[in-house]
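Visitor: I am new here. Please show me the structure, then let me ask about how its parts meet.

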Amino acid sequence: MADRLEISAEDWNVIYPILVKHRHVRSTSEEQCRAFLVAVLQILRSGSQWRLLPEAHGKWNSVFKRFSRWSKHGVWQSLFAGCIHHPDLQSVFIDSTINRAHPCAGGAAGSNAEDEALGRSKGGFTTRIHAITDALGNPLEFLLTGGQASDIGQAETLPALTPAGARAFVGDKGYDSDALVQAIVARDMKAVIPPRCNRNKVRECDWFIYKERHLIECFFNKIRHYRRIFSRFEKTARNYMAFLHFVSALIWLR
């Protein structure tokens, strides 16, 4: 059984060439670079505080600062993009999920809750992850908003993030909007979105394609196995997105 807190040799042979191409990755040793990613994976998997990182992985503050610096310079995003290979664009699925944010996620210096994708409710902070996956349920792109934000609120943004060549754009009833359907058609895609029951003019929906929409729900289930995704502790949306990109890269390497 594979060790869930380690990066396999096969995965590392793909990851390291992507990292060394980035101008903000300063790696004096391949072994040290791999040890750093294993340390980040330890935090990501366990959901523990950075201060509780085992000493075997090095000084926790040095690991955190390097993680945050890579996040700032887009290294994690580049790693994710580099791991995407031959996505199945027969259809793309869109959906969102809400994750609870710990109270310590609030209070980012020089920022506010709205800018850091933290929504307020009676139960505390929440963050909504808007995701796009390919026809096999593999991640392609993400957006972060506060938990109270609606799905349709990202209707103008999501089609623009969809890779060129996608044939069908699949979403649930929460995305039923004339404006979104028109934007999808304008990008030469087929809108597969069930119509709301209160529509004056009922649209047709390809239910054969729609039944595959469960794959994006399966994707959300996969990323929730990583406790740092399941419950947000990061004060900045940038660092939380970095964890999402790292997880998504690992999913593509499966």
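Guide: Angles under 35 degrees count as roughly parallel, over 145 as roughly antiparallel, 65 to 115 as roughly perpendicular and the rest as oblique. This is a predicted model: local features need pLDDT of at least 70, side-chain atom pairs count only at pLDDT 80 or more, and totals for chains, interfaces and linings use all residues. Residues are numbered from 1 along each chain as its sequence is written, and side-chain values use heavy atoms, with hydrogens and water left out.

Visitor: How are H4 and H10 oriented to each other?
Guide: Helices are DSSP runs (H or I, at least four residues), numbered from the N terminus. Axes are lines fitted to C-alpha atoms over the stretch in contact, with angles from 0 to 180 degrees between N-to-C directions. The axes of H4 (residues 75-83) and H10 (residues 237-252) come within 8 Å and cross at roughly 20°. The two helices are therefore roughly parallel.

Visitor: Which residues of H10 does H4 meet?
Guide: Contact means heavy atoms within 4.5 Å. From H4 come Trp76, Gln77, Leu79, Phe80 and Cys83. Their partners in H10 are Ala242, His245, Phe246, Ser248, Ala249 and Trp252.

Visitor: Which residues of domain 1 lose the most area to domain 2?
Guide: An automatic or database domain assignment gives domain 1 (9-83) and domain 2 (91-236). Buried area is the accessible area (1.4 Å probe) that two parts lose on being put together, summed over both. Here the domains bury about 780 Å² between them, 60% of it on carbon and sulfur atoms. Together making up 64% of what the domain 1 side buries, the residues are Leu44, Arg45 and Phe80.
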